[in-house]
There are 2 protein chains.
Amino acid sequence: MYSDELKKKTKNFSPGERIKVVTDKKEIEGLLMPSPEITSSPEHLILKLDNGYNTGIHQDKIKKVKEPEEPEPKSIQQEYDQETDWHPHSKSECEKGNVKIINTGGTVASKVDYRTGAVNAALSAEEIASLVPEIRDFSCIDFKQVSETMSEDIGYKNWIEMAEEADKALKQNDGVVITHGTDTMHYSAAALSFFLQKGPVVFTGAQRSTDRGSSDSAMNLICSTIMAGTGMNETGICMHATPSDDYCHFIRGTKARKMHSSARNAFRPINDKPVAKIWPDGKIKGIQDPLNRSGELDTKFDPKVELVKAYPSSDPEVIDYHVDNGVNGLVIEGTGLGHVPTQARKSWIPSIKAAVNSGVPVVVCTQTLYGRVDENVYSNLRTLYYDANAISGKDMLPETAYVKLGWVLGHTKKMDKVQEMMHENYAGEFNDRLQLDDFLY
Amino acid sequence: MYSDELKKKTKNFSPGERIKVVTDKKEIEGLLMPSPEITSSPEHLILKLDNGYNTGIHQDKIKKVKEPEEPEPKSIQQEYDQETDWHPHSKSECEKGNVKIINTGGTVASKVDYRTGAVNAALSAEEIASLVPEIRDFSCIDFKQVSETMSEDIGYKNWIEMAEEADKALKQNDGVVITHGTDTMHYSAAALSFFLQKGPVVFTGAQRSTDRGSSDSAMNLICSTIMAGTGMNETGICMHATPSDDYCHFIRGTKARKMHSSARNAFRPINDKPVAKIWPDGKIKGIQDPLNRSGELDTKFDPKVELVKAYPSSDPEVIDYHVDNGVNGLVIEGTGLGHVPTQARKSWIPSIKAAVNSGVPVVVCTQTLYGRVDENVYSNLRTLYYDANAISGKDMLPETAYVKLGWVLGHTKKMDKVQEMMHENYAGEFNDRLQLDDFLY
């Protein structure tokens with residue numbers, strides 16, 4: 001039961017109603033919760049926050065309880081039709097607009113060797129395009145061969161090369177399609193999201209090599225070419241949305257993840273919706289508003305970052321090992337809301353604290369992938385984020401945080417600046433409007 | 001175009017038809033594929049395998065091409081109704097059957113401290129049960145308090161303790177419910193799947209503490225108690241199947257993963273369907289056949305195992321570090337079909353080869369989580385699995401492989417025996433009938 005003072009302060013509201021609590025320092029919005037029948041803290045007003053958790057506010061801190069203002073209306077889902085104004089800044093002679101295909105290798109550029117059954121990167125950008133003539137229905141096509149690298153061998157130097165090539169291409173074309181191996185495509189797409197901050201840069205590939213009848217490569221290339229013609233300032237991945245050949249999704253590069261080793265619809269948006277739905281006949285429908293940004297090429301990158309996973313009975317000394325080895329930043333895949341072990345075997349907290357104190361920022365994401373890190377719910381979390389000064393990765397994918405931390409460290413080594421940049425939303429890597437139906441989209 | 005000899009051998013079949021190819025060594029089933037118009041290998045018969053990949057078989061190796069036998073009919077989904085024969089081996093005086101609740105801590109055993117908003121493990125098994133009186137409608141309830149540990153601090157010693165307590169309890173009760181923090185519940189459920197190999201052992205917990213009105217704890221406990229009364233020899237996780245309070249899923253312990261940091265329906269089956277669907281009114285419906293097994297308690301476990309992730313530009317020296325540090329086994333989360341970097345920065349292959357040659361088995365799973373490792377598709381994979389002798393984790397979760405490898409190493413250190421045991425299906429950790437609709441179930 002609430003104290004008399006709290007009863008008075010909330011007399012205009014019923015439990016369950018949305019209220020705004022004004023304190024000296026801030027205004028907090030949430031649902032008014034009833035106080036438990038038996039409680040040790042009747043002077044604490046209980047508020048259910050939008051993140052689903054409850055918070056308690058002491059009555060002495062409450063200046064006023066009022067009705068919240070109307071929330072901003074949600075952005076209306078826009079429909080884009082295939083019109084000529086898709087190409088508002090056509091930079092070429094080609095009326096249909098101009099798309100450059102940059103080939104880096106991978107299964108989409110592979111042929112099967114039927115003697116062994118194995119596949120090897122072999123096709124050039126031109127050869128890939130010649131197998132899918134339909135792409136010329138939507139755009140004039142240019143080509144650039146950058147490498148012949150399978151997914152597992154792509155590294156940060158390839159990211160820089162791709163970004164430079166895409167930047168050059170965007171000066172002369174309406175958009176860029178980058179063909180890439182699928183396994184690490186989401187790492188590359190995240191990297192170019194930070195390196196370029198403009199677009200359209202559309203990564204695509206195939207789960208079955210292009211010379212096979214059952215290949216998904218044709219539809220992926222067609223949809224990607226259509227997406228690259230939109231002029232949107234987005235960098236992302238365009239692949240099959242379903243196991244059938246019906247339509248593709250364009251997923252923001254910082255929110256995409258390969259979630260299946262072989263399915264055509266392996267790429268899913270994590271903590272996000274796709275940006276657009278694209279049909280191979282040229283129709284395209286926006287699912288959310290594209291990012292509004294236009295940055296310059298910025299490939300400053302520090303590759304001395306490592307990604308470490310926390311699990312039951314795991315060894316925190318691996319943190320010390322990386323620090324001793326000269327790492328400049330660490331990303332930890334914590335459990336649940338962003339936990340690391342604090343007992344079992346050995347606590348991770350001292351190693352994290354030592355890393356941070358020696359100048360190595362430690363970012364914690366969640367290994368659940370979906371959902372977000374929340375540094376306020378459990379006491380162990382407060383120790384990790386407020387005492388050991390780990391940086392919360394919020395709802396960012398561990399893979400995106402790994403790429404972003406390298407990019408941030410390419411710009412500054414100052415701990416407070418690193419924290420500030422890690423929490424700035426450069427490329428849609430954070431989603432403040434995370435909704436339940438984003439789970440397993 | 002196929003050679004004349006191949007045309008002759010396949011004359012009774014049309015392209016696309018299912019055939020069985022008999023060679024000296026084995027019989028291979030798949031769809032007969034046409035040979036490409038222009039091919040460098042007309043003597044290779046092309047067969048599309050059930051995993052979606054094509055393979056080539058040289059004509060000299062083909063003894064016969066024949067019709068495949070009728071495949072075994074699929075298991076029929078069974079419906080279980082709440083009848084007394086749920087309790088075929090009731091070991092107590094209680095007519096409704098007897099379920100023991102073993103409490104290990106976690107959010108389900110936590111109370112909110114509204115002064116700080118934080119939650120702490122505080123409730124005993126009895127207190128949890130007293131907040132959910134409905135569980136007594138289905139069973140007589142016994143209690144056992146084992147620890148008060150939050151998820152992040154559960155380690156292998158807790159697994160052994162839980163297994164011993166569950167084993168004792170199963171001798172006197174029809175089933176066991178273990179209340180547990182959710183973050184690492186799937187690691188513990190996997191561990192007990194190997195340690196016990198009988199059941200029912202039902203892990204459950206809560207995403208919101210039990211003393212909250214919005215808690216998911218009540219329904220999870222009720223469904224778990226119902227599941228624990230079935231007598232099935234399964235160990236797994238029983239939690240909300242949807243974001244609403246409608247029904248729960250019981251997911252096999254080796255196939256369950258927490259996929260969302262805060263949603264009620266965070267636990268999902270990966271590469272599997274749930275075993276059963278359970279409504280809080282007592283209805284239970286089987287989705288697949290339960291495992292048929294009844295093993296003895298076997299907690300032999302070697303904790304010297306570590307889990308390492310491979311990613312672009314990642315450092316293979318972390319393998320050497322763990323080996324130098326005295327690790328007895330390693331699990332790698334590879335990319336896609338089970339790759340590790342072979343160029344960019346440095347190849348992982350020599351470090352893996354050195355680890356295996358020094359007696360440390362290396363198991364590779366996929367970081368996509370869904371789908372399986374396939375050691376035959378790409379040449380880099382063949383090097384990893386056939387030359388460096390890494391062990392394929394197939395469709396096993398990396399977390400399950402981590403637990404299993406520790407259990408296997410508790411029984412043997414001989415490399416060939418480790419490989420054999422890692423590939424034996426003890427607790428439903430492999431799913432040979434992986435279907436497309438298992439993705440994002």
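This is a predicted model: local features need pLDDT of at least 70, side-chain atom pairs count only at pLDDT 80 or more; totals for chains, interfaces and linings use all residues.
One helix pair in chain A is worth a look. Helix H3 (residues 156–172) and helix H4 (residues 185–196) of chain A have axes that come within 10 Å of each other, with a crossing angle of roughly 55 degrees. Since anything from 65 to 115 degrees would count as roughly perpendicular and anything under 35 as roughly parallel, H3(A) is therefore oblique to H4(A). The handedness of this crossing is right-handed. On the H3(A) side, the contact is built from A:Trp159, A:Met162, A:Ala163, A:Ala166 and A:Asp167, while H4(A) brings in A:Ser188, A:Ala191, A:Leu192, A:Phe195 and A:Leu196. Sorted by class, that comes to 8 nonpolar residues, 1 polar and 1 charged.

Next, the sheets. In chain A, 4 strands line up as E19-E20-E21-E22 in an open sheet with parallel pairing. Strands E19 (305–309) and E22 (391–392) of chain A sit at the edges with a single partner strand each, so each has one side left without a neighbour in the sheet. E19(A) is joined to strand E20 (residues 329–334) of chain A by 5 bridges, and the two run parallel. Within this pairing, A:Lys309 has A:Glu333 of E20(A) as its bridge partner.

Chain B also has an open sheet of 4 strands, ordered E19-E20-E21-E22 and paired in parallel. Here the edges are E19 and strand E22 (391–392) of chain B, each pairing on one side only. E19(B) pairs with strand E20 (residues 329–334) of chain B in the parallel sense, over 5 bridges. One bridge to point out is that of B:Val305, whose partner in E20(B) is B:Gly329.

That leaves the contact between the two chains, to which chain B gives 71 residues and chain A gives 70. On the chain B side, the elements giving two or more residues are strands E3 (44–48), E4 (54–58), E9 (118–121) and E19 (305–309), along with helices H8 (379–387) and H9 (398–409). By class, the side of chain B that touches chain A has 30 nonpolar, 28 polar and 13 charged residues.

Definitions and conventions. Residues are numbered from 1 along each chain as its sequence is written. Chains are lettered from A and ligands numbered from 1 in the order in which they are written. Two strands pair if DSSP finds at least two bridges between them. Axes are lines fitted to C-alpha atoms, for helices over the stretch in contact, and angles run from 0 to 180 degrees between N-to-C directions. Angles under 35 degrees count as roughly parallel, over 145 as roughly antiparallel, 65 to 115 as roughly perpendicular and the rest as oblique. A crossing is left-handed if the near helix is turned anticlockwise from the far one by less than a right angle, and right-handed if clockwise. Two residues are in contact if their C-beta atoms, placed from the backbone, lie within 7 Å. Ala, Val, Leu, Ile, Met, Phe, Trp, Tyr, Cys and Pro count as nonpolar, Asp, Glu, Lys and Arg as charged, and the others, Gly among them, as polar.
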